[in-house]
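Here is a short briefing on one chain and its contact with a partner. Please look at the sequence and the model first.

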Amino acid sequence: MITIEGLTVSFGAVQALRNVSLVAETGKITAVLGANGAGKTTLLRTISGLKEPKTGTIRLDDQSLVHKRTEDIARLGIGHVPEGRGVIGEFTVEENLRLGAMMAKVNLSRGLDEQYELFPVLGERRKQHAAKLSGGERQMLAMARALIAKPSVLLLDEPSLGLAPLVTAQLMHTIQSLCETSDLTVILVEQNATSALRIAHHAVVLHVGKVVANDTASLVAADENLRQYYLGLVE
Amino acid sequence: MDPFLTSRIVTDVLGGLTNGVTYGLVALSLVLIWRSTGILNFAQGAMPMFATYVGFALLSYHFGYWPCVVACVIAALLIGGLTERLLVRRLYGKPEINPIVVMVGFLIVLEAVAAAIWSSTPRSLPSPFSSIHWQLAGKPFALSPFIVYEFATALVVMAAVAVLFRFTNLGLQLRASALAPEVSRLLGVRVGRLLTLGWMLSTVVGVITTILVSANFFSGLTPTVMDGIFAYGFIAAAIGGLESPVGAIVAGVLLGVVNQFVTDYVNQNAVIIIALAILIVSLMIRPSGVFTKSALRRV
């Protein structure tokens, strides 16, 4: 479980996150929604230690993550699939996955088999350079590379960005299945609110760095004001 | 015996290859640092020079060649690591000119300190193999036991670097840290340590080159022994492509052969002019380097 309390993050004089508090429960999907510049990506980058908070606490179960180095946070079992996927184009599919498995000290061949079963297309392209994959395949690779380390928490930053609706639906279904079949905690940052709310258990809406809604996904989805003013979902 | 083996052309090719492997090793060490940190290390000749002086100081205590070589490698590991930690780490993310100025300054400081401690007088290094050229049918042949040792050492170093980067987990992490440091951190890779390791490895490649150069070129070890070799290594790295270890080695070897032919058939003084002309032409045709696949170059 990830617990965030009173988190404030600044870029110089600009406050990207203002007193943000939320709980991402174990085995559940927490969607973080909001427009561009709402602070969604900054939230994930702060959890992963890429950005230092000004004030506030971030805890993984009982362990504080604030002031820890990014690589140490990753080794605690927090997988982060960054915006733009972050696959290494010069590496083959298998090299990307090997890199993901290395730090977690998992059985490599079993881990590869599991990921190729979850994403069969990656198995077919295991020797291909990641730069030659399609957008959807790269997203699958980025997720597989995070999952192969058996994380307890998965941070997903805009996984649907630039993907066709059908591919987005497949990815969302995969994320949902992962949570149902394991204790994986997912924090899903999305601009595509409709897709995210469909699979999330809980939703947090950010607006210029502040939490404007923090409730179950179904209640957030049903709130007309939120839909209209913050999520851009006009009927 | 076939007179072809002692002919002028074979002599020039073998002589060129001998020089070329050292240019290739210097170019390789430059590429190792460029790929991992985006810094052109102008002290890449001076750092190994200093480590060589430190290692061969053991001669005064009656140690032999091989213990001195081991001491040189240890000194290179320390100098490379400390340079990255104490000097270079402060330069990451700064304007491009900053690391260039700092590393040129570091080169000058190292050469001055080495001259102050050990003097500028050439210091002859022992050699485990004879440098006297073999004779074929009474004619001098371009190879000597030391040159064969030099080739073998260069090949072993190049092969070791290739195996490290291509087939080991450490190599995969080194490459990942260079290509995508932030993503690597997100995957738990300790990027800072790997950058230090990259500088250490590069300095080790440099010190092996310096030991070979100082013994083979009959000039002995001086504080400026690597200046000329560094210039050709730098040209080779730029021609081959700063992103390409294979390109650096191939360009270095070819440059050595061209230089030898220019020396023999034109003039010793024309060597640097021809080398720079090749550099200019190759950069006009392939600005990213002949062996760099992508048209994009990290700057």
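Predicted model: local features only at pLDDT ≥ 70, side-chain atom pairs only at ≥ 80, totals over all residues.

Residues are numbered from 1 along each chain as its sequence is written, while chains are lettered from A and ligands numbered from 1 in the order in which they are written.

**Fold of chain B**

- Chain B has 11 helices and 2 strands; helices (H or I, at least four residues) and strands (E, at least two) are DSSP runs, numbered from the N terminus.
- Along the sequence, the order is α-α-α-α-β-β-α-α-α-α-α-α-α.
- The radius of gyration of chain B, taken over C-alpha atoms, is 19 Å, close to the 19 Å from the globule rule for 299 residues, so chain B is as compact as a globular protein of that length. That rule is 2.2 Å times the number of residues to the power 0.38.
- Along the principal axes, the C-alpha atoms of chain B fill a box of roughly 65 × 50 × 35 Å.

**Packing of chain B**

- Of its 299 residues, 45% count as buried, with 20 or more other C-beta atoms within 10 Å of their own, C-beta atoms being placed from the backbone.
- Among contacts between residues at least 6 apart in sequence, 72% join residues at least 24 apart; a contact means C-beta atoms, placed from the backbone, within 7 Å.

**Contact between chains A and B**

- Chain A gives 17 residues and chain B gives 14 residues.
- On the chain A side, the elements giving two or more residues are α2 (70-75) and α3 (93-102).
- The largest share of that side, 5 residues, comes from α3(A).

Notes
Buried ≥ 20, exposed ≤ 12 C-beta atoms within 10 Å, placed from the backbone. Contact = placed C-beta atoms within 7 Å.
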